Amino acid sequence: MTPSLESSKTGPDVFGYYRTQVEELLSQKEKIPHHKHVDTKKSSTEIIGAELSDLKKEKLNALLRQCVLDSTPEVDEMQSRVDSLHLMSQLSNKKPSTLPTNAESVIPEDPSFKEVEDDLQLLMKSDPALVKEIVGKHSSDLLARLNETQQQLEKLLDNVVTTCRPMSRGEKRDLQRSIKELPGENLERVAGIIKNHYVALGKEMPDDVFVINMEEEDNILLWRLHYFVAAVKSARKLAS
């Protein structure tokens, strides 16, 4: 097996660690100036931490920046495992008789693959069922790790948006309109955000997740949806 598939160890829980750090930071008592009115003209980046002191806001920013830096190696490692599984899945779907004699036509130019290409080719020709079993096992392990990572990331993002000010009625109307304008593939993510939030609160999911009352939903869910919509719009502008 390639090094990226040698172990099913979970690895460091980066998002879980920083979620705990953010929770601890936000739990610290401090005197925050009372805002007499809601400033709806601030940009999205200024809304996060609106209810925090400048010192605590800087600490929160530092934690989030470090979280991105520390999570990059973990993301790269999981990407490497996905690439390895994709390669092995391709090989396992080929008939042994059709496997190329020269592995370079299938194996990418990577030193880690070069070390095992001969063994992999031999294994595919002698026991393709075993290769499929290995692919299935590591696929399950990777999926479990991705699900756990997603759950921790969802909780971290929920914690971050607790620092946002209450959303105005005008912003809620804009959000509802923007969600309706999203492409179908992005609506699936909207449904996922709503579902995860309801599950975390122990609430029953509505029959139609897209028919929600913006006036009744809590501030955390509203801002999570707001930032997702903003991210989609930014991505579409960059792609155009």
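The accessible surface of the protein chain comes to about 14900 Å², of which 53% belongs to carbon and sulfur atoms; accessible areas come from the Shrake-Rupley method with a 1.4 Å probe, and for residues only the protein chains shown count as cover. This is a predicted model, in which local features need pLDDT of at least 70 and side-chain atom pairs count only at pLDDT 80 or more, while totals for chains, interfaces and linings use all residues. Residues are numbered from 1 along each chain as its sequence is written, and side-chain values use heavy atoms, with hydrogens and water left out.

Biologist: How many helices and strands does the secondary structure of the protein chain hold?

Modeller: Helices (H or I, at least four residues) and strands (E, at least two) are taken as DSSP runs, numbered from the N terminus. Read from the N terminus on, the elements run α-α-α-α-α-α-α-α-α. The count is therefore 9 helices and 0 strands.

Biologist: What share of the residues of the protein chain counts as buried?

Modeller: Buried means under 20% relative accessible area, exposed over 50%, and partly exposed in between (1.4 Å probe, protein chains only). The protein chain has 240 residues, and the share of them that counts as buried is 35%.

Biologist: Among contacts between residues at least 6 apart in sequence, what share joins residues at least 24 apart?

Modeller: Contact means heavy atoms within 4.5 Å. Among the contacts in the protein chain between residues at least 6 apart, the share that joins residues at least 24 apart is 78%.

Biologist: How many salt bridges does the structure hold?

Modeller: Side chains of opposite charge can pair when their charged atoms come close. Here, a salt bridge is a side-chain nitrogen of Lys or Arg within 4 Å of a carboxyl oxygen of Asp or Glu. The total for the structure is 11.

Biologist: How far apart in sequence are the parts tied together by Arg 189 and Glu 154?

Modeller: The two side chains meet in a salt bridge of 2.8 Å, N to O. Arg 189 lies in helix H8 (residues 184–201) and Glu 154 in helix H6 (residues 128–161), so the pair ties together parts whose separation in sequence is 35 residues.

Biologist: Which residues are linked with Glu 154 in a network of salt bridges?

Modeller: Glu 154 also forms a salt bridge with Arg 224, with the closest N and O atoms 2.8 Å apart. Arg 224 lies in helix H9 (residues 219–239), so this pair ties together parts that are 70 residues apart in sequence. Glu 154 and Arg 224 are both buried, whereas Arg 189, at 28% relative accessibility, is partly exposed. The residues linked with Glu 154 in the network are Asp 158, Arg 189 and Arg 224.

Biologist: Which helix holds both Arg 177 and Asp 174?

Modeller: These two residues form a salt bridge, the closest N and O atoms being 2.9 Å apart. Arg 177 is partly exposed at 43%, and Asp 174 is partly exposed at 37%. They lie 3 residues apart, about one turn, in helix H7 (residues 169–180).

Biologist: What is the angle between the planes of Tyr 17 and Tyr 18?

Modeller: Rings of Phe, Tyr and Trp (its six-membered ring) pair if their centres lie within 6.5 Å; planes under 30 degrees apart count as stacked, over 60 as edge-to-face and the rest as tilted. Tyr 17 is partly exposed, with a relative accessible area of 47%, while Tyr 18 is buried at 7%. Their centres are 4.9 Å apart, and the pair is edge-to-face, with an angle between the planes of 85 degrees.

Biologist: Is the pair of Trp 223 and Tyr 227 stacked, edge-to-face or tilted?

Modeller: The two residues are 4 apart in helix H9, about one helical turn, and Trp 223 is buried with a relative accessible area of 0%. The ring centres are 6.1 Å apart and the planes stand at 35 degrees, so the pair is tilted.
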